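Subject: Structure handover

Hi,

Here is the structure for your set. My notes follow below it.

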Amino acid sequence: MKKSYEQLRSHRWFGANDMRSFGHRSRTKQMGYALEDFQGKPVIAIVNTWSDLATCHSHFRTRAEEVKRGVWQAGGFPVELPAMSVSETYMKPSPMLYRNFLAMETEELLRSQPIDGVVLMGGCDKTTPGLLMGAISMNLPSIYFPAGPMLRGNWNGKVLGSGSDVWKYWAEKKAGNISDCEWSEMEDGIARSPGHCMTMGTASTMTAIAETLGLSLPGASSIPAVDANHSRMATQCGRRVVEMVWEDLKPSDILTVESFENAITADMAIGGSTNAIIHLVALAGRAGINLDLKKFDDISQHTPMIANLRPSGEYLMEDFYYAGGLRALLSKIKDLLKLDTKTVSGETLGESLATARVTNDEVIRPPGNPVSLSGGTAVLYGNLAPDGAVIKPTAAEPRLLQHKGPAVVFADYNDLSARIDDENLMVDENSVLVLQNAGPLGGPGMPEWGMLPIPSKLLRRGIRDMVRISDARMSGTAYGACVLHVSPESFIGGPLALVRDGDLIELDVPARKLELHVSENELADRRANWKPSPPHYARGFGALYAAHVTQAHKGCDFDLLQAGPATAEPEIH
């Protein structure tokens, strides 16, 4: 049933005949609004993560105005609220450190102010989960507005993909195959429009997941940032969220175990970023749903990867859009999806796919001719990762998916940087590179260091992939036989902290196994002699983060944000 005006949250601020509401109304009029502009209308927050250092969101000033246009058209009152820009490019030591900050800020922006519904504007990697985590906890009618991918990169007649081709050509430069002049030319051509990475990295993965969960309008995640359809979609979001307020359609009405299973299935079919596992676990936790890592692996093993996109395939997100986009891909795997889950459009997922079609079956493959017979991510267990680790098999050289070799251990990132290109480093193509102290607490913030560089002396010999193991993450645009998210992390004394140079490590992806071949007695001795490092932070947000962040297999969320009863509405005094 449609809500009445008196049932809106904003009515508590604006609707009463008392001194406090007088102040609220008069201050709104101070900005030039008339009473009829806002009274009796839903107040719609537009949470905008624009900043001059959020390069993926450089078009958001314009898009925010286009969202407002839709809100006005539908009879709402739009208010733009800036939120932290978690820029993947610039934030150190890791933007992952600040995902939970954005989630807290989003939740409190909405709770503390007269907001009835929200359009969440994000796209760069951590902004999607951060905004959604906050909105799920607040549980107001919410639509996620994805930034859209940038246009294809261009250099010397070659199509470039952000991230993926940076790693690829940097290896060639270190091997002496690319000049400084050519490298500079690539720098000018790899990122040439607003929008997030146009490979199937974390940004494209998470916006696709938001749509599959039902939190974005159907088709929204595939539209390139500079396409006119993106502007129209912005206005459509503004119109629809007003309707959702009157319908009282909230995240809790949309998010179910089935919708999360759909999201995992989509993630595997698109060959999504390994980061998606951490973010999905955190999102589910905010919805009161426990996602075990084994669920991801179970779904992966019977989901074909049919998106032929870099870094696991050939094409880019612009090609994906022209081939039909996410809706077309989901329509090809309907038999693996729960089609009766709800979406913000008011339709079920199945209804939203009714008119979708694939227009290029090289970009979106038929399930009978997939890029890979199983999904893009595998979950590993063993004495080196009791709580799990992940790998993207489709982005690794097949010869390395079953491998046993001696460890070459780096104590932290500084140690790695100092020694990886040392000509005297005892390493060959059979070695297993191990990076310690790069996890949620050790990094700090679990930086994207997991694609450890190949030693220069091996690059010159033509080696382009090795087994690499860490408790770090890696960019969704990265590739290689990189075992990531080893949990528990080494900083808190997990088994990874006990690895020494020369230890034999076995990786067996088909068997989902990661084993350190060292006796239990020797490991017990090492554990007894292990000494923890001092904390990175003594104050501020870093100290709060260290006190409350969970391990990778639990989503790296704050424990205090996934526990306890819902926070009460604020009193209006």
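What percentage of the 573 residues in the protein is buried? Buried residues make up 60%, where buried means under 20% relative accessible area with a 1.4 Å probe, protein chains only.

Some ground rules. This is a predicted model, with pLDDT of at least 70 needed for local features and 80 or more for side-chain atom pairs, while totals for chains, interfaces and linings use all residues. Numbering runs from 1 along each chain as its sequence is written, and side-chain values use heavy atoms, without hydrogens or water.

Overall fold. The protein has 21 helices and 14 strands, taken as DSSP runs (H or I, at least four residues; E, at least two). Its radius of gyration is 24 Å, close to the 25 Å from the globule rule for 573 residues, so the protein is as compact as a globular protein of that length. That radius is over C-alpha atoms, and the rule is 2.2 Å times the number of residues to the power 0.38. Of the contacts (heavy atoms within 4.5 Å) with a separation of 6 or more, 76% join residues 24 or more positions apart.

Cores. A nonpolar core is a set of buried Ala, Val, Leu, Ile, Met, Phe, Trp, Tyr and Cys residues joined through side-chain atoms within 4.5 Å. The largest has 95 residues, and Val-47, Phe-260 and Phe-296 have the most contacts inside it. Leaving out residues up to four places away in sequence, Val-47 touches several residues, including Leu-81, Leu-109, Val-118 and Met-121. A second, separate core has 28 residues, among them Ala-389 and Val-467.

Best wishes

Definitions and conventions:
Buried < 20%, exposed > 50% of the residue type's maximum accessible area, 1.4 Å probe, protein only.
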